[in-house]
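Trainee: I have a chain to go through with you. I want to know what stands behind each label.
Mentor: Good. Let us look at it together.

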Amino acid sequence: MDVLPLIGGAIQSVDAALRAGKLIAGAEHALDQAQLKLQLADVIGALADAKVQLAELRTAANEDAEWTKRRDGYSLVKTPAGGLVQESKADPKHYACPACFESDREIHALQPVGHFEYSGSMSCPSCETQYPVAIPRDPPELERDYDPFSR
Ligand SMILES: [Zn+2]
């Protein structure tokens, strides 16, 4: 969540409340009671807007704190095959997709592609990006006794 617009909105609401409050405080006797009530309603409305925006900010701050805690459980590592992936610090040890990690704040454990020992690759179950993780082994040579051209 982008918090800057929320902060700007909260500040504007508080500013509006302060301006209306100053008008009320500086009101002269000529100002009738109806105008005071109208300005007081503006102050209450602006403060209510600020309260909502501050609640949204609190939610965003909580989400950031939660993400930071989850993110700290991983570190960017280079695999033996040269891929850059996120690696969990806790068991069960696993690799996670660095693209989803950075762009979406999501953690998806990488899964082996095909016969992992021959592919050496793992893919993200969300964005399906493949990463070189291990040095692949060569597949075994097939030995055939049958030669169709030797007859
Ligand atoms: Zn991904």
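Mentor: Start with burial. A residue is buried if 20 or more other C-beta atoms lie within 10 Å of its own, exposed if 12 or fewer, and partly exposed in between, with C-beta atoms placed from the backbone. Keep in mind that this is a predicted model, where local features need pLDDT of at least 70, side-chain atom pairs count only at pLDDT 80 or more, and totals for chains, interfaces and linings use all residues. Residues are numbered from 1 along each chain as its sequence is written.

Trainee: Why is D145 called exposed?
Mentor: D145 has 4 other C-beta atoms within 10 Å. The limit for exposed is 12 or fewer. So D145 counts as exposed. D145 sits in the segment after β6 (130-132).

Trainee: What makes A16 partly exposed?
Mentor: A16 has 17 C-beta neighbours inside 10 Å. A16 belongs to helix α1 (residues 4-25). G45 is 29 residues away along the chain, and the two C-alpha atoms are separated by 9.4 Å.

Trainee: And what share of the protein chain is buried?
Mentor: Buried residues are 12% of the 151 residues.

Trainee: How are the domains set out?
Mentor: Domain bounds come from an automatic or database domain assignment. That assignment gives domain 1 (1-71) and domain 2 (73-132). Their C-alpha centres lie 44 Å apart.

Trainee: How many helices and strands does the protein chain have?
Mentor: Helices (H or I, at least four residues) and strands (E, at least two) are DSSP runs, numbered from the N terminus. The protein chain has 4 helices and 6 strands. Their order along the sequence is α-α-β-β-β-α-β-α-β-β.

Trainee: What makes β1 and β2 a pair?
Mentor: Two strands pair if DSSP finds at least two bridges between them. Strand β1 (residues 74-78) and strand β2 (residues 84-88) are joined by 5 bridges and run antiparallel. K78 stands opposite L84 in β2. The two strands form a hairpin with 5 residues between them, and G82 in the turn has a positive phi of about 100°.

Trainee: How many bridges join β2 to β3?
Mentor: β2 and strand β3 (residues 95-96) share 2 bridges and run antiparallel. At least two are required, so they pair. E87 has Y95 in β3 as its bridge partner. This hairpin has 6 residues between its strands.

Trainee: Which strands make up the open sheet, and in what order?
Mentor: The order is β4-β5-β6, with antiparallel pairing. β4 (111-112) and β6 stand at the edges, each with a single partner strand, so one side of each has no neighbour in the sheet. Strand β5 (residues 121-123) pairs with β6 over 3 bridges. There, M122 stands opposite Y131 in β6.
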